[in-house]
Structures are given as C-alpha cells and as structure tokens.
Amino acid sequence: MAVLPIQITGNPVLHARASDVTEFDAKLATLVADMFETMEAAPGVGLAAPQVGVAKRLFVYNWTDDDGGLWRGVAINPELWISPTPTGEADEESESEGCLSIPGERFPLRRAELAILRGVDLEQKPFEITTEGWLARIFQHEFDHLDGVLYADRLEYKQAKAAVKAVRKNGWGVPDQSWLPGVDELEA
C-alpha cells in the first residue's frame, strides 16, 4: 500500500465526470487500499478516485458516528438519492465542511439531510445504505467528486467569494498541483 498525492482544485480530473469502473482486478484492489491509506494519512473521512488522479467512479469512506458505529467501505459505480436540501443559510458550526482537494479551508454548505447510497464493493457485491446527518453529507460530498463537482462549487455567494480568494491566495486553481499526506504540511 502507498499514500498517493491528492490533487488540488484546478486539476482537470477534479472538474470532469469520472468513468464507470469496468475492471474488477488486482489493480483496482490496490487502488482502493492505497486510497484508504491516503485518506487516513490526510486525515479525512472520505476520498474519491479523482482526488488521487484516477478518473473512475469510486470512493472510500471511514467515519465513526456519535454512537461509536464505524462506517467504513468503498462505493464503486455508486448511485445516490437525496432528500430536498433545506432552504436558508448554512450554519457556520454544524454545516461547515472541508475537502482534501482544497486543503485547510472550511466553509458552511447546506446538504440534504437524508441519502440513499447504492453501489458495489470490490467483490461486485451490491449494497444499499440509507442514512442521515454527517454520513449523508459525506456520501454527497464524495459522490459530487465523481461528477466533477467540488463542494466550493455549491457554496452560496458570500462563501464562494471567500473560497475563490483562498484558492487564489494559495496559488491553486491551475493543473498539476497536489500534496502528499505525511510529507506536505497541508491538511483539510
């Protein structure tokens, strides 16, 4: 296993729809293992393949809920259904999120409260998870990456303006920029 470089906003792979996974082989298993190691080193609660430069429809997640339940897995070729997103301003405390591809920044963003995730695992076994709260947020965030959408693309005007300023200040927004967890001092 290896820690992979995480692509920073501006890399074209982050801003385009990823392709379906068609080959379930040792190469895919290695990618998934490397993605888990990279996510843990970052540290993060989710990581999509485009974030490590691979334009494929899969993401990994690892989150412990308030009851101590561990949610850890891989979603390959996922589908996501969500409830309507609540209206109004996002709460700075309870609705802020970050992204490993916009490291060190956090902005409030409204997300749907409920989500249903369907996909397959490495053995091509189908699964379905119905969830709410933070796990639903994680699934929405990672699924967006597979469609070339970063959370900053969904921000309201005031937060979007601050995100653009942060990207400019850090010299991001251009191709071929990445950071390596455990080596570079960037973190989400």
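## The E5–E6 hairpin

Let's start with a pair of residues: Gly98 has Arg106 as its bridge partner in E6. The two strands involved are E5, residues 96–99, and E6, residues 102–108, and they run antiparallel with 4 bridges joining them. Together E5 and E6 make a hairpin, with 2 residues between the strands. Please keep in mind throughout that this is a predicted model.

## The chain as a whole

Stepping back, the chain contains 3 helices and 9 strands. Read from the N terminus, its elements follow the pattern β-α-β-β-β-β-β-β-β-α-α-β.

How does the radius of gyration of the chain sit against that of a compact globule? For 188 residues, such a globule would have a value near 16 Å, and the chain has 16 Å, so the two agree. Along the principal axes, the C-alpha atoms fill a box of roughly 45 × 35 × 30 Å.

## The five-stranded sheet

Five strands form an open sheet in the order E2-E3-E4-E7-E8, and their pairing is antiparallel. Strand E2 (46–48) and strand E8 (126–132) stand at the edges; each has a single partner strand, so one side of each lacks a neighbour in the sheet. On average, neighbouring strands here are turned by 35 degrees against each other, with direction ignored.

Now for the individual pairings. E3 and E4 are antiparallel and joined by 7 bridges, with Tyr61 standing opposite Gly73 in E4. These two strands also form a hairpin with 5 residues between them, and in its turn Gly68 has a positive phi of about 85 degrees. On to the next pair: E4 and E7 run antiparallel with 5 bridges between them, and Leu80 faces Leu117 in E7. Finally, strand E7 (residues 114–120) is joined to E8 by 7 bridges, again antiparallel. There, Ala115 has Thr131 as its bridge partner in E8.

## Helices on the sheet

Two helices meet this sheet. Helix H1 (residues 26–41) lies across E2, strand E3 (58–64) and strand E4 (70–82), and it runs at about 40 degrees to E3. Helix H2 (residues 133–146) packs on the sheet too, touching E2, E3, E4, E7 and E8. The direction of H2 makes about 160 degrees with that of E3.

## Backbone details worth a look

If you are checking torsions, two spots deserve a visit. The peptide bond from Ala42 to Pro43 is cis, with omega near -15 degrees. Pro43 sits in the loop between H1 and E2.

The other spot is Asn77, which has a positive phi of about 50 degrees although it is not a glycine. Asn77 belongs to strand E4.

## The largest pocket

Rolling a probe the size of a water molecule over the atoms shows where empty space is left. The largest pocket has a volume of about 310 Å³.

E5 and H2 each supply at least two residues of the lining. Sorted by class, the lining of the largest pocket has 8 nonpolar, 6 polar and 4 charged residues.

## The second largest pocket

The second largest pocket holds about 270 Å³ of space. Its lining consists of Val21, Thr22, Glu23, Asp25, Lys27, Leu28, Thr30, Leu31, Val54, Lys56 and Leu58.

For this pocket, H1 provides the largest share of the lining, 4 residues. By class, the lining of the second largest pocket has 5 nonpolar, 2 polar and 4 charged residues.

Notes. Residues are numbered from 1 along each chain as its sequence is written. This is a predicted model: local features need pLDDT of at least 70, side-chain atom pairs count only at pLDDT 80 or more; totals for chains, interfaces and linings use all residues. Side-chain values use heavy atoms; hydrogens and water are left out. Two strands pair if DSSP finds at least two bridges between them. Axes are lines fitted to C-alpha atoms, for helices over the stretch in contact, and angles run from 0 to 180 degrees between N-to-C directions. Contact means heavy atoms within 4.5 Å. On a 1 Å grid over the protein atoms alone, a cavity is a set of points where a 1.4 Å probe fits but cannot get out, and a pocket is an open set with protein on both sides within 12 Å along at least five of seven lines; lining residues have an atom within 4 Å of a point. Grid points are joined across faces, edges and corners, and a volume is the space filled by probe spheres set on the points. Ala, Val, Leu, Ile, Met, Phe, Trp, Tyr, Cys and Pro count as nonpolar, Asp, Glu, Lys and Arg as charged, and the others, Gly among them, as polar. The radius of gyration is taken over C-alpha atoms; the globule rule is 2.2 Å times the number of residues to the power 0.38.
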